[in-house]
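Thanks for coming, everyone. I'll keep this brisk. Please look at the structure first, then we'll walk through it.

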Amino acid sequence: MKLEVVDHVAGAAQARGIALVIDVFRAFTVAPHAVAAGATRVMPVGAIEDALALRQRIPGVLLVGERHARRLPGFDAGNSPTEILALNVAGRPVAHTTHAGTQGLVHAAGADEVLAASMVNVSALAHYVLARAPREVTIVRMGHEARERCAEDDLCAEALVGLLEGRLAPSTDEVRERLREAPAARKFFDPACDWAPQTDFDYCTEVDRFDFVLRLRTGGDGLRELERVDVAVRQ
């Protein structure tokens, strides 16, 4: 199995085989929480205008997203697991647009399969990949605003590589210790940043909260959506 680690939108565009697109803070923590809370579908989109257009096209759709980490005007929630869990998403579709994570998903068109990756299902992701036995795997670190490396996505990539090579995942305590002082984590502990509650840090650093992966597919209406695939993770 050929394993490559790349960065940002350019890396997503060159991804081949199974692409694991990482966004720990916070896009791909938000998406699995929305699915677990009962959202009927989560549709990642690149442009803000595309998300807004879905409000006219899909009855009851919730708009979730950010630019520069802040909730977009007119959206139902920011890119925050805390805010997602405060909404009643059960039985409703979600359109999701972010500065980094969803951009990676929509640009990874050359990959055979595309998975949304973060710490909350890191072991499930590795088990899924190993079960598929692909010739190529591309790990895409989306980074801060898809333009510079960040500690949290680097750590997730490190964990994925380790798991694919037979090592153990880090514990939640280890991840929280390593990321608490990371530049992107400071907002969670700053009371002035009311758009980034401290509980988001806890959600984003909870290792293996979920035993499923989210795989990008095209729905019957032609829209991209994240499909839940349950994974049997060996203990």
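Start with the largest pocket: about 380 Å³ of space lies in it. A pocket here is an open set of points on a 1 Å grid over the protein atoms alone, where a 1.4 Å probe fits, with protein on both sides within 12 Å along at least five of seven lines. The volume is the space filled by probe spheres set on the points, which are joined across faces, edges and corners. Lining residues have an atom within 4 Å of a point. There are 21 of them, and the closest to the centre are Phe 25, His 144, Glu 145, Ala 184 and Lys 187. By class, the lining has 7 nonpolar, 5 polar and 9 charged residues. Nonpolar covers Ala, Val, Leu, Ile, Met, Phe, Trp, Tyr, Cys and Pro; charged covers Asp, Glu, Lys and Arg; the others, Gly among them, are polar. Helix α7 (residues 151-164) gives the largest share of the lining, 3 residues.

A word on the source. This is a predicted model, where local features need pLDDT of at least 70, side-chain atom pairs need 80 or more, and totals for chains, interfaces and linings use all residues. Residues count from 1 along each chain as its sequence is written, and side-chain values use heavy atoms, without hydrogens or water.

Now the fold. The protein chain has 9 helices and 10 strands. These are DSSP runs, numbered from the N terminus: helices are H or I with at least four residues, strands E with at least two.

Strands pair if DSSP finds at least two bridges between them. Strand β9 (residues 212-218) runs antiparallel to β10, joined by 7 bridges. Thr 218 has Arg 224 in β10 as its bridge partner.

Pro 44 stands opposite His 96 in β6.
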